[in-house]
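Keep the structure open and follow the pairs in order.

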Amino acid sequence: MVRRHELTNAQWDRIAPLLPETGTPGGRWADHRTVVNGVLYRTRTGIPWRDLPERYGSWQTVYERHRRWSADGTWTKILRALQAGADSTAPDADGSWAVNVDSTTCRAHQHAAGARHAPPRPPRKGGGTRVDAEGRETLGRSRGGLTSKVHLLADGRCRPLVWLTSPGQRGDSPMFIPLIQALKVARTGPGRPRTRPDRIRGDKAYSSRANRRRRGRAGGRPPAFDRAQYRQRNTVERCIGKLKQHRAVATRYDKRDYIFNGTLATAAIVIWLRDLIKEPSDTA
């Protein structure tokens with residue numbers, strides 16, 4: 001029986017080949033499906049790791065697997081595999097590929113503060129964390145208090161493509177270029193990942209001169225305003241709504257930025273699985 005917030009058989013079959021092998025030199029890992037379901041349950045409910053239901057086994061095992069896969073890129077690998085060919089599955093009416101940009105602030109719980117200044121221990125096979133120079137572990141203070149900001153690109157079907165995290169007080173415009181540079185959508189066939197959409201929709205926060213296309217001495221071409229196109233920008237806001245249905249995203253509990261990014265990735269994986277695999281029995 002599939003419980004709420006757990007993967008269906010079809011969803012599990014989609015991601016199972018993308019997970020590391022269960023055999024290790026020191027023995028065998030606990031069943032991947034049980035652990036993954038435990039991670040997804042925590043992402044959706046936002047409960048402390050110690051309060052995970054006993055059906056998921058040892059909470060230390062579930063947390064450690066999530067920490068390791070957040071650091072070594074396993075969650076990112078799964079997400080990128082699900083995104084393959086996304087530029088052709090959500091085209092505009094004219095056949096072009098458009099993406100939508102926006103940001104959202106995630107209130108940080110008091111449990112997210114207090115990380116040690118020393119770098120966290122990396123997994124055995126490498127990995128690490130990215131510490132923001134202006135806000136360690138991408139935590140900052142805004143009007144809402146201790147917050148992190150998620151800068152997001154979404155496609156026309158409200159699916160997250162790529163995101164970057166920053167301290168909560170960081171502006172949107174300076175993060176636009178790094179966000180676009182991080183966009184890489186794999187192709188279903190041969191060829192390099194696609195990195196340049198045909199159109200980008202955003203609000204006035206992204207219309208600064210630094211983000212304009214260079215056009216000689218004028219310093220850049222002003223962004224155009226198209227009323228019909230602007231109405232479609234709501235897809236990124238709806239994508240943010242889907243992400244924040246996961247309480248561990250709406251409120252940040254993770255002390256380390258790389259683990260919080262792993263939590264975002266697990267929420268994004270669920271969104272993509274539900275879009276790719278339509279099942280009437282989905283109870284989430």
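The paragraphs below take the salt bridges in turn. The model is predicted. A search of the whole structure finds 17 salt bridges.

Start with Glu6 and Arg55. Their closest N and O atoms are 3.4 Å apart. How exposed is each partner? Glu6 has a relative accessible area of 14%, so it counts as buried, the cut-off being under 20%. Arg55, at 36%, counts as partly exposed.

Now move into helix 3. Glu64 and Arg68 both lie there, four residues apart, about one turn of the helix. Their side chains meet in a salt bridge at 3.7 Å, N to O. Arg68 is buried, with a relative accessible area of 16%.

Next comes Asp94 with Arg199. Their side chains form a salt bridge at 3.4 Å, N to O. The pair links distant parts of the chain, 105 residues apart. Asp94 lies in the loop between helix 5 (86–89) and strand 3 (98–108). Arg199 belongs to strand 7 (residues 199–201). Asp94 is exposed at 55% relative accessibility, whereas Arg199 is partly exposed at 25%.

Which residues make up the network of salt bridges? Asp155, Arg157, Arg159, Asp275 and Lys278 are linked in it.

Conventions:
Residues are numbered from 1 along each chain as its sequence is written. This is a predicted model: local features need pLDDT of at least 70, side-chain atom pairs count only at pLDDT 80 or more; totals for chains, interfaces and linings use all residues. Side-chain values use heavy atoms; hydrogens and water are left out. A salt bridge is a side-chain nitrogen of Lys or Arg within 4 Å of a carboxyl oxygen of Asp or Glu. Buried means under 20% relative accessible area, exposed over 50%, partly exposed in between (1.4 Å probe, protein chains only). Helices (H or I, at least four residues) and strands (E, at least two) are DSSP runs, numbered from the N terminus.
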